Amino acid sequence: MAGKQGNSSVYDQVVKVTHVYLGPAADRFIERQVENHLHKSPEQLSESDLESLIDWIQVVVSLITDNNEIIEEYTAELHKLAGTSNKSKATS
Amino acid sequence: MKFKQRLVQMVARPMVSYTVLSVTYLLLILLLPASKDSLAEHNFSEFEYRIVRLSIGIIYVIAWFAAFYGYKKLLEYSQLIRKTKEGAAFNKLAMGAAWLAWSFPVALIINNILYAISYCWDDFKPTAIILSNYISLILPLIGFTIVGSAAHALARKNRLQPSLRGIRAIAVLLAFIGAAYCYATFTHFNLHEVGNTQNPYHLPIIIMLTTIMVPYLYAWFAGLFAIYEISLVGRQASGLLYRNALMLLVVGLGVVIIGSIAIEYLFSVQPRQGYFTLDYRLVLTLLFRIMTGIGFALIALGAIRLKRIEEV
């Protein structure tokens, strides 16, 4: 919920991708990862944090499932997001 | 208030309650007087009677373990998500599962005590059978009702409506089950004497119909409708990993409800004799108890996976 306030577009995009895999738990899951591993509040999540967040997510999701295909697909989607974000950052 | 608090504490400590109930049940098998009818029917010595009952009792106790562990995990998951929009519905679902888990040992322990009294005091046998029929009805009836309202709440939270096709399918299924149940039960009655209690249920037909048969039909409807609504939630849930975990829980709940209905059906159609017998009914009861145990194990597995998503 916190991610819906303030400068939260990166957070929202990460939650949107995560929703495909974790459904209603996506928002809570990403909020926890940002707070516990990046030591930031969801509103503070920026594009520069994405790579580090993806690394953490990869580790954490492997605790939820053994299915490597799903983990790879999920992290690839997040990497795409990071790529898009980086491009838009470069353009701006 | 104190009683209510104690009850909540007991439900919140499933494994302690399980241990107490299991030990009580196994001790009762060893300590309560043996049925003379059982000993005569199977040519058992008292020692053989207790060994056979203990062997079957151990299978029950293993199935109860799965039941208590399953609702424990579901309760833990519901506590983790209590502040979310689905938290209350999952908590209710855990409570319903708890009722179903408790209903197996509680009914069996009370029935064993009632029958043991009737072994010592013949005149008590009709009362024992009547009470055991009501106890076996009431506990799962409450469980199915709570599970049903939890499933409905979850479906509403996810904005899911039961389809007309689905409702019709349940109606047809229930009509078949109900008709077969009424037919099989009525064969034990003399339909020309409405007030007669000379039947295996020791109840006049009108009382049997209104206080046992109708509540059973309602309970089975609630159970089947709960399976339908919760399967809607499971199938429509978003999130691949979340849905896989939820489906384990949904399938487990379905298996538990079907297994419970099957046991109730069996004991309603083939009335209780008031003593232990080794027959096809015992074999079927064991199979259905194992089935409900597997169902609860699936619930536990689903809840563990859902919990992990919320914890990591």
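Reply: A salt bridge here is a side-chain nitrogen of Lys or Arg within 4 Å of a carboxyl oxygen of Asp or Glu. This is a predicted model, in which local features need pLDDT of at least 70 and side-chain atom pairs count only at pLDDT 80 or more, while totals for chains, interfaces and linings use all residues. Residues are numbered from 1 along each chain as its sequence is written, chains are lettered from A and ligands numbered from 1 in the order in which they are written, and side-chain values use heavy atoms, with hydrogens and water left out.

Between chain A and chain B there are 2 salt bridges, and one joins the side chains of A:Arg28 and B:Glu310 at 2.7 Å, N to O. Across this interface 10 residue pairs, both at pLDDT 80 or more, are in polar contact (N or O atoms within 3.5 Å, one able to donate a hydrogen and the other to accept it, with residues adjacent in sequence counted only if both atoms are side-chain atoms). On the side of chain A, two or more residues each come from helix H1 (9-22), helix H2 (26-37) and helix H3 (50-64), where helices are DSSP runs (H or I) of at least four residues, numbered from the N terminus. That side divides into 11 nonpolar, 4 polar and 2 charged residues (Ala, Val, Leu, Ile, Met, Phe, Trp, Tyr, Cys and Pro are nonpolar, Asp, Glu, Lys and Arg charged, and the others, Gly among them, polar).

In all, 17 residues of chain A and 13 residues of chain B take part in the contact, meaning heavy atoms within 4.5 Å. The buried area is about 1,400 Å², with 64% of it from carbon and sulfur atoms; this is accessible area (1.4 Å probe) lost on putting the two parts together, summed over both.

Helix H5 (87-120) of chain B is among the contributing elements, and H5(B) gives the most, with 8 residues.
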